[in-house]
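Welcome! Take a moment to look over the model below, and then we will walk through a few of its parts together.

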Amino acid sequence: RILITGALGQIGSELTVKLRDIYGTDNVIATDIRPAEGQETGPFERLDVSDNYKMYEIAKKYEVDTIMHMAALLSATAEARPVFAWNLNMGGLMNALETARELNLQFFTPSSIGAFGPTTPKDNTPQDTIQRPTTMYGVNKVAGELLADYYYHKFGVDTRGVRFPGLISYVTPPGGGTTDYAVEIYYEAIKNGKYTSYIDKGTYMDMMYMPDALNAIVDLMEADPAKLKHRNAFNVTAMSFEPEEIAAEIKKHIPTFEMSYAVDPIRQGIANSWPNSIDATSAQEEWGFKAKYDLKDMTVDMLEKLKLKLV
Ligand code: VAH
């Protein structure tokens with residue numbers, strides 16, 4: 001059985017559905033600080049990840065063997081509320097790791113390309129390299145990677161993680177991220193035929209379509225541990241693009257689509273501190289990571305699904 005924190009979030013909401021398809025509805029316990037409000041499609045519990053006692057109780061009650069800790073504040077929100085972000089992101093992670101240690105659970109939590117900073121090599125960023133991020137989110141992600149590795153080496157907890165790029169999905173929009181423009185642009189293209197980007201043209205960032213992200217989590221968690229040279233966390237990516245390129249891809253389907261720019265200095269500053277493209281060789285070699293969707297395929301699917309959802 002699997003316990004998911006942040007199950008109503010951008011990744012958590014789709015991860016819950018995916019895992020229930022694979023392992024059975026009653027074997028996936030969804031939890032979130034927010035009420036499910038009738039979205040329940042299986043076991044659901046209210047959980048604020050700052051409450052380590054309740055987290056332990058839920059894990060024990062359902063006799064889970066795995067915890068997937070997805071609850072966190074994303075980069076822009078964390079930058080606006082750094083102390084709150086530290087307390088929630090690190091406090092929640094520590095509680096999840098302690099629950100995994102006490103109950104001997106397998107453990108997953110995502111890191112991010114945000115774990116890299118301005119002094120990290122920007123192109124084809126290696127798996128093992130300098131990590132001195134200049135955002136609170138990045139500090140949380142680097143500390144989180146080190147803490148999860150510590151729990152593996154010190155206590156033998158089977159911790160695993162990936163550094164996700166910007167994730168694009170049509171189900172649950174992200175909240176408070178820097179890469180959210182690459183999700184918003186599809187919604188706006190369908191609804192209004194135009195989009196004003198807060199990220200400037202020429203700003204390359206790694207991205208991935210949600211189906212590939214979900215497959216990566218399942219593949220990593222099911223991988224043979226003997227083959228893992230790394231644990232927290234693997235670089236994974238599917239594509240790298242800048243706003244003009246995603247706009248051009250949308251224009252192939254909506255020729256009248258108009259792109260404009262109103263750069264947000266805060267989120268542009270965060271984006272500038274991140275890599276242009278990262279190298280996913282370790283994930284490919286150690287557990288067979290492979291992304292299926294590129295910008296072309298993702299755009300076809302996003303526009304098709306959003307047309308059904310929005311009109
Ligand atoms: C964010 N979507 O923008 C998240 C992610 C790599 C980006 O960490 O903060």
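His-69 is buried, with a relative accessible area of 2%; buried means under 20% relative accessible area, with a 1.4 Å probe and protein chains only. This is a predicted model, where local features need pLDDT of at least 70, side-chain atom pairs count only at pLDDT 80 or more, and totals for chains, interfaces and linings use all residues. Residues are numbered from 1 along each chain as its sequence is written, and side-chain values use heavy atoms, leaving out hydrogens and water.

His-69 sits in strand S4 (residues 66-69); strands (E, at least two residues) and helices (H or I, at least four) are DSSP runs numbered from the N terminus. Leaving aside neighbours within four places in sequence, the contacts of His-69 include Thr-5, Val-49, Phe-107 and Pro-110, where contact means heavy atoms within 4.5 Å.

| Side chain | Backbone atom | Distance |
|---|---|---|
| His-69, polar atom | Ala-71, oxygen | 3.5 Å |
| Asp-294, oxygen | Lys-296, nitrogen | within 3.2 Å |

The Asp-294 pair is at the start of helix H11. How far apart are the end C-alpha atoms of H11? They are 21 Å apart, which agrees with the 22 Å that 16 residues (295-310) should span at 1.5 Å a residue; the expected span is 1.5 Å times one less than the number of residues. Among the buried residues of H11 are Leu-295, Met-298 and Leu-306. The buried residues of H11 pack against elements including strand S9 (166-168) and helix H6 (181-192).

How values were computed. Buried means under 20% relative accessible area, exposed over 50%, partly exposed in between (1.4 Å probe, protein chains only). A polar contact is a pair of N or O atoms within 3.5 Å; within protein, one must be able to donate a hydrogen and the other to accept it, and residues adjacent in sequence count only if both atoms are side-chain atoms.
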